[in-house]
Amino acid sequence: MNWKKYFIFLGIILGLIFPQAKILKPFIPYLLAFLLFINFLSIDFQLKKFFHPLLLIYPFIIYLVVPLILYFIPFGFHPQIKTGLIIISMTPVALASPVVSRFIGGNHNLLLGGLIILNLTSPVAYGIVFRFYSSQKIELPFLEIIFKIILIIILPLLLSVLIKKKIPVILKYSKKIKFLSIILMVLLIFIAVSAISKYFNSMKVINIIFIFLIVFTISIFLYISGFLIAFKKDDKKSFALILGHKNTALSVWICLYYFHERSAIPVVFYILAHHIIN
């Protein structure tokens with residue numbers, strides 16, 4: 001376990017101790033946009049091949065198979081827990097995944113193509129999936145979500161490309177910038193956990209353990225599925241990341257802004273799960 005994971009766990013603990021921090025929820029979109037901007041600065045967007053055939057398999061697994069399984073399994077928990085499970089299972093790949101992909105020798109073009117396509121199409125995907133699979137009547141404000149996605153994802157993306165082109169000297173400070181991204185992620189986790197703390201504290205220990213095991217199983221299933229579906233060695237590593245390494249900051253925002261706060265519980269557990277795996 002590296003030192004970054006200790007910061008993640010610290011954010012979770014502090015969120016449980018200080019539930020008052022939920023008043024910071026309105027700042028989540030701005031923190032998320034700044035976090036994505038910093039991550040975009042460290043990504044090389046020079047693609048030799050933007051689209052990969054493996055990305056055609058992604059919707060079948062993430063938007064059909066996994067939500068169907070979660071929808072029909074009678075967990076016996078609050079419906080919003082199931083909502084959170086579906087949200088985190090279909091959340092697009094994390095923006096920090098290209099760094100992991102390069103470290104393990106993955107296919108950079110596959111990973112980066114998936115990152116851009118899946119994150120930018122995520123609001124439409126969330127809306128379509130929940131029209132079919134949600135046990136509740138949820139009307140998502142598509143135009144509002146798309147507009148906020150533009151502000152939170154596309155704007156930081158364009159700004160990062162512009163700054164790298166016009167002020168390339170900023171890349172010399174990449175290590176300090178990466179450290180700032182960790183602080184922002186911990187702050188997001190801290191706020192998210194503080195928002196769900198009252199629901200978390202009222203749950204039985206056995207239920208907490210059971211939900212975590214479900215989330216951990218989903219995480220393992222997605223990583224293994226991505227690895228087994230691809231044929232080439234480098235594709236296996238990158239597709240495993242595309243399916244399993246989630247943009248949890250985005251799912252935190254979706255849960256806390258468009259669903260019940262309780263739905264963010266599985267998302268927090270997924271943050272723990274994928275840091276254990278990675």
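1. A salt bridge is counted where a side-chain nitrogen of Lys or Arg lies within 4 Å of a carboxyl oxygen of Asp or Glu. By this rule, the count comes to two salt bridges. The model is predicted, so local features need pLDDT of at least 70 and side-chain atom pairs count only at pLDDT 80 or more, while totals for chains, interfaces and linings use all residues. Residues are numbered from 1 along each chain as its sequence is written, and side-chain values use heavy atoms, with hydrogens and water left out.

2. Helices (H or I, at least four residues) and strands (E, at least two) are DSSP runs, numbered from the N terminus.

3. A salt bridge also joins the side chains of glutamate 261 and lysine 25, at 3.1 Å from N to O. Here the partners are 236 residues apart, with lysine 25 in the loop between α1 and α2. Through shared partners, Lys22, Lys25 and Glu261 form one network.

4. Which of these residues are buried and which partly exposed? Buried means under 20% relative accessible area, exposed over 50%, and partly exposed in between (1.4 Å probe, protein chains only). Glutamate 261 is buried, at 10%, and lysine 25 is buried, at 16%. Lysine 22 counts as partly exposed, with 29% relative accessibility.

5. As to the overall fold, the protein chain has 13 helices and zero strands. Of its 278 residues, 54% are buried. Contact means heavy atoms within 4.5 Å; among contacts in the protein chain with a separation of 6 or more, 83% are between residues 24 or more positions apart.

6. Helix α12 (residues 248-258) is largely enclosed by the rest of the structure, because ten of its eleven residues are buried. Among the buried residues are Trp253, Cys255 and Tyr258.

7. Leucine 16 is found in helix α1 and is partly exposed, with a relative accessible area of 28%. Its C-alpha atom is separated by 6.2 Å from that of valine 193, 177 residues apart along the chain. Neighbours within four places in sequence aside, leucine 16 is in contact with Val193, Ser197, Phe200 and Asn201.

8. A nonpolar surface patch of about 840 Å² includes Phe7, Leu10, Phe34 and Phe179. The elements giving two or more residues to the patch are α1 (3-17) and α9 (174-201), and α1 gives the most, with five residues. Patches are made of residues with over 30% relative accessible area and no salt bridge: like charges are joined within 9 Å, nonpolar side chains (Val, Leu, Ile, Met, Phe, Trp, Tyr) within 5 Å. Accessible areas come from the Shrake-Rupley method with a 1.4 Å probe; for residues, only the protein chains shown count as cover.

9. Phenylalanine 34 lies in helix α2 (residues 28-41) and counts as partly exposed, at 38% relative accessibility. Besides belonging to the nonpolar patch, Phe34 is one of the residues lining the second largest pocket, as are Tyr30, Phe37 and Lys148. To that lining, α8 gives the most, with six residues. A pocket, on a 1 Å grid over the protein atoms alone, is an open set of points where a 1.4 Å probe fits, with protein on both sides within 12 Å along at least five of seven lines; lining residues have an atom within 4 Å of a point.
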